[in-house]
Every structure is written in structure tokens, then in C-alpha cells.
Amino acid sequence: MNFENNLSFAKALDEADELKGFRDRFLFPKHADKEFIYLCGNSLGLQPKVAKEVINRQLDNWANYAVEGWFDGAEPWMFYHKELKELMAPIVGANPIEVCPMNTLTVNLHLLLVSFYKPSGKRFKIIMEGGAFPSDQYAIESQVKFHGLDPNEAIIEVYPREGSDVLATEDIIAEIEKQGDEIALVLFGGINYYTGQWYNMAAITNAGHQVGAIVGWDLAHAAGNVPLKLHDWGVDFACWCSYKYQNSGPGGISGIFVHEKHFNNTSLNRFAGWWGYKEDKRFLMEKGFIPESGADGWQISCSQVIPMALYHASLGIFREAGFIEPLRAKSISLTAYLEFIVNEVNKEIGIAQYKIITPGNPSDRGAQLSIIAKEKGKLIFDGLVENHVLGDWREPNVIRLSPVPLYNSFQDIYQVGRILMQLTKKIIIDTND
Ligand SMILES: *Cc1c(COP(=O)(O)O)cnc(C)c1O
């Protein structure tokens, strides 16, 4: 599409947008009574207006039924997660039996590593992206040590080529082929939190399997953002948080995926708890752990009903929007418009002040653009916030802006461009004169 940098163009795109009504389903943060243009859904999604009602309904259930709420009422807690699984499955491209809501993300990553990182003899290495989200780095480092191995030998990080900000798929695959049968596990973030690069998940999964490794994904920045086909790609396991693109609230419940090919594998280690026990026998309280089949067999503690209710409410909005494909179509345009607008600022001031390090090809990115300001990045970022534009700043020098198709508009993007232009002229041009 040929974009234009003017308000009437942005307005026309918004008017033609079939998803425009969803914006009104969310609450936008305000400062001095003025709403922010919110471009931080990659970090914490906005609150759906329905969230309060949903929590209140569960508080009422608790008040009215107390312990009987596990089996009584319109939505008994004992079975609540089953409905949620139906909504989670299309978000990640899985069968409902392959997914389960539980715990929080890093906790789930640990639990899945217990099952799927099984170093043995010379097959002990983990391949991951250099510059992975720190929590993932710490989880993996500590798991490696837990097995009595040296992280310096066991963890292989793949970095971009000299002069590039992002990873070439062929370099990842070449590293997998090079390490070959020494690899126990390939574990990447679906979309890198810093660069916004969406890795070629199908190709990497396939390459890992070619050398006999297990392949897992952390989908914190991918789930609810881009279409995923975990089942069809044959991914072994995955986990994600729901509070970023899936709007389930701070500390929201995490989801796991375990491919059905592993359901009958009794050799997998698990850290077990009663909620993962065979469901129809759970309350017999017998000795000896027998897991429920499917992803539910990885549960440990009883259902976190209130966080689940928030996730359920939010995914209800995704269902109304057609789950992921219509959102993705809008997302591709919104992000391309933001890219165009940022480049317009460079053009107008005649300096390459902003460098977008996120790949330019839509199939290699989701909603987010990571922008390096050549000069005075933090000042520019602070100026955006003062002017009611909320993105986020990641050390050492990246501004991340993530237009979210459920609640951002093309006019949001146009306005961000206008503000960025003014700020850049004031902070970079005028002070350089
Ligand atoms: C956001 C994010 C996390 C956060 O983990 P929590 O356990 O939810 O705090 C972990 N990993 C990645 C890749 C993330 O993007």
C-alpha cells in the first residue's frame, strides 16, 4: 500500500477498519485527564473493560458458594480451565488437549525443561538466540547447572553476523547442523523481545528435529501477536505469558503447550503435584503419581481461578475478533504504517536519526518495531511520554513501539509521527544549530 503522512489518510484507514470497534472495549491509561497513545502492548496489554465484572463474578461465586464453588454454580472452578483451553488452542495453533493454563511463564519454562531437557552423554547442549530475554537465560543457566554441567560448554548462543542486528535463519540452521548430535534442546523465543525479530519457527523446528533434538519455544512476544501452528510444525513444547499481547493483567496466568506425540512417553521427568494427577482419580488421594493425559498432566497446584477468569475474558474478545488471522492482517498494516511514519521523520530532517532494527519483511516480525535513535534516545523517549505516547525503553538504546490491532488505530500512528517530528526538531536539530 502507498501510505500518506496526513490525518485524513489515517482517518480513512480507520474508517475502513472492520476491527475498529474493539478499541472501545479497553481502558487507556491517562495523565492529567488526557489519554495516552498506548504502544506498549508488548509489555503489558490494556485492561479489557469487562475485567472488573469478571473478577466480581468470581468474588460472588466465592462469597455465595465458598468451597462448594469448585463444583457448584454456573462456572464450577474444577472444570473452569477446560473452557479456557478451547480458547487458548487457536491462539497457538494447537489441539485443546495440548495446552493448559497454569503458573507463570518462567516457572513453566523450568517445569518444561525438567521434562524436555534431558542431557545424556555427548548430547547435552542447548542452542538458543544470543540476547534472549534475561529470565530465559537465567532459567536455562540454572537448569544446566542443576544437571551438573557447565553453562559455558552446554549453552550455545547464536548471534547476528557482523553489521547485522538480527539473526539469519540460515545461520541458526547452520549452527544446529554443526552441533548436530551434541544438541539436546533447541530453545528460542518465537519473537525476540529486544529486536522484534520473528524467527522462522517452522524451519528451526525442522532443523532441530533433523539432528534428533527436542525443540521448544518461549512465545511471550509471539502468542496473541502472530499466527502460530505449534501442532502442525511439530513443536515439542512451548510456553507463554498472557499479559503481553493477550491482555490478561499483570502477573496473568501462563500457558503451556506439549505436543500430543509426547503424551504416552512415560520416561519424561516431571515435578508433580496433585492437580496433574489423573483427573477422575485425583480425589482418591492414593499413593504414586499417575499423570492426567495431555498438557493437564503438567499441572501442580489447584486452579488459579481469578487469573484464569481474566485470561478467559480477554480471549473472549479475541474470539469475537476471529482469533488471530483478521488481527494479524490489520497488524501488518499498522506496523508498516509506523515504519513509514518513522522513515518520514528521517526524510524531513535529512538525517538517519532513527534506525529500525526490526526486520522490514512482515513475515519476520510481529507488531513491534525496535527503533534505535542515533542521538539522545532517552531524551526522545522521555519527550514521547511527556506528550502522551507510551512505548518502552530498553537499555542500552532501544525504543520499542508496538501497535496492537485490537486497540490501536492508524490515527494513533499518525499522531505519534507528528509528535516524534516535533520532538526530533527540538531535541536534535535546534540544539545542533
Ligand atoms: C516477558 C517475558 C518473560 C517474563 O517472564 P515472567 O515469568 O512472566 O516474569 C519471560 N521470557 C520472555 C521471553 C519474555 O518476553
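Colleague: How many salt bridges does the rule find across the interface of domain 1 and domain 2?

Modeller: In this predicted model, the rule finds 2 salt bridges across that interface.

Colleague: Which residues belong to each domain?

Modeller: The domain assignment gives domain 1 as 7–35 + 324–432 and domain 2 as 54–321.

Colleague: How far apart do the C-alpha centres of the two domains lie?

Modeller: The centres of domain 1 and domain 2 are 30 Å apart. Domain 1 brings 32 residues to the contact, and domain 2 brings 20 residues.

Colleague: What area do domain 1 and domain 2 bury between them?

Modeller: About 2,200 Å² is buried between the two domains, with 59% of it on carbon and sulfur atoms.

Colleague: Back to salt bridges. Which residue forms one with aspartate 165?

Modeller: Lysine 355 is the partner of aspartate 165, and their closest N and O atoms are 3.0 Å apart.

Colleague: And how many salt bridges does the structure hold?

Modeller: The structure holds 22 salt bridges. One of them joins the side chains of glutamate 339 and arginine 365, at 3.0 Å from N to O.

Colleague: Where do glutamate 339 and arginine 365 sit in the chain?

Modeller: Glutamate 339 belongs to helix H11 (residues 325–349), whereas arginine 365 is in the loop between strand E13 (354–356) and strand E14 (369–373). The two residues are 26 residues apart, and the pair links distant parts of the chain.

Colleague: Let us turn to the helices. At what angle do the axes of H4 and H5 cross?

Modeller: The axes of helix H4 (residues 105–116) and helix H5 (residues 134–146) cross at roughly 30° and come within 10 Å. The crossing is right-handed.

Colleague: Which residues meet there?

Modeller: From H4, the residues are Thr106, Leu109, His110, Leu113 and Val114; they meet Ser135, Asp136, Ala139, Ile140, Ser142 and Gln143 of H5. By class, this contact has 5 nonpolar, 5 polar and 1 charged residues.

Colleague: Now the backbone. Where is there a cis peptide bond?

Modeller: A cis peptide bond joins glutamate 395 to proline 396, with omega about 0°. Proline 396 is in the loop between strand E16 (392–394) and strand E17 (398–401). In general, most peptide bonds are trans.

Colleague: What is phi of alanine 32?

Modeller: Phi of alanine 32 is near 50°, a positive value in a residue other than glycine. Most residues other than glycine have a negative phi.

Notes
Residues numbered from 1 in each chain as written. Predicted model: local features only at pLDDT ≥ 70, side-chain atom pairs only at ≥ 80, totals over all residues. Heavy atoms only, no water. Axes fitted to C-alpha atoms, helices over the stretch in contact; angles between N-to-C directions. Helix = DSSP H or I, 4+ residues; strand = E, 2+ residues; numbered from the N terminus. Left-handed = near helix turned anticlockwise from the far one by under 90°. Contact = heavy atoms within 4.5 Å. Nonpolar A, V, L, I, M, F, W, Y, C, P; charged D, E, K, R; others polar. Domains from an automatic or database assignment. Buried area = accessible area lost by both parts, 1.4 Å probe. Salt bridge = Lys/Arg side-chain N within 4 Å of Asp/Glu carboxyl O.
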